[in-house]
Amino acid sequence: MTDAAFKVSLIFPNGDKYEGECRKSESGELVRSGTGKHTSASGIIYIGEWQEDKMLGKGTLQFPSGAVYEGEFKDNAYNGSGTYTFPDGSMYKGQFYNDRLEGEGTFTDTQGLKWTGDFHGEAALGLKLLHNL
């Protein structure tokens, strides 16, 4: 990949749009690399870091449902520390692995109650309710 980044504004055949930094790959292809905003034809918006056409680093992914993920990405997936806000306003803040809640985290429900513990996808055994004293 060449080191020279340049700003582009692209529209893909499927209607997706990208505005941000690109580089030329070893094969001469134009790939998203650096920071940029990708808007899918279905209304999903990613604003953040790219490397070799993949979401990698810090970014924000917004869904038409109102759900939002803000945090670390690797290979186009939530990986590392992040916050996922569900459409109903509930929120999980903690660790992710391959788009799944994985590891230490805190879930805040729609009533503002905070539950903390070890999350494993949809399972979260042994959660503890945090009390505000």
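How accessible is D75, and does that make the residue buried, partly exposed or exposed? In this predicted model, D75 has a relative accessibility of 49% and counts as partly exposed.

D75 takes part in a salt bridge. Its side chain meets that of K54, at 3.9 Å from N to O. The cut-off for such a pair is 4 Å, so the contact qualifies. K54 lies in strand 5, whereas D75 sits in the loop between strand 6 (68-74) and strand 7 (77-85). The pair therefore ties together parts that are 21 residues apart in sequence. K54 is partly exposed as well, at 37% relative accessibility.

Strand 5 also supplies K58. The side chains of K58 and E72 form a salt bridge of 3.5 Å, N to O. E72 belongs to strand 6, so this bridge ties together parts that are 14 residues apart in sequence. K58 counts as exposed, at 53% relative accessibility. E72 is partly exposed, at 27%.

A further salt bridge joins the side chains of R32 and D53, at 2.8 Å from N to O. This pair links distant parts of the chain, 21 residues apart. R32 is in strand 3 (residues 30-39). D53 occupies the loop between strand 4 (45-51) and strand 5 (54-62). R32 has a relative accessible area of 13% and is therefore buried, the limit being under 20%. D53 is partly exposed, with a relative accessible area of 29%.

In total, the count comes to three salt bridges.

Note on methods. Residues are numbered from 1 along each chain as its sequence is written. This is a predicted model: local features need pLDDT of at least 70, side-chain atom pairs count only at pLDDT 80 or more; totals for chains, interfaces and linings use all residues. Side-chain values use heavy atoms; hydrogens and water are left out. Helices (H or I, at least four residues) and strands (E, at least two) are DSSP runs, numbered from the N terminus. Buried means under 20% relative accessible area, exposed over 50%, partly exposed in between (1.4 Å probe, protein chains only).
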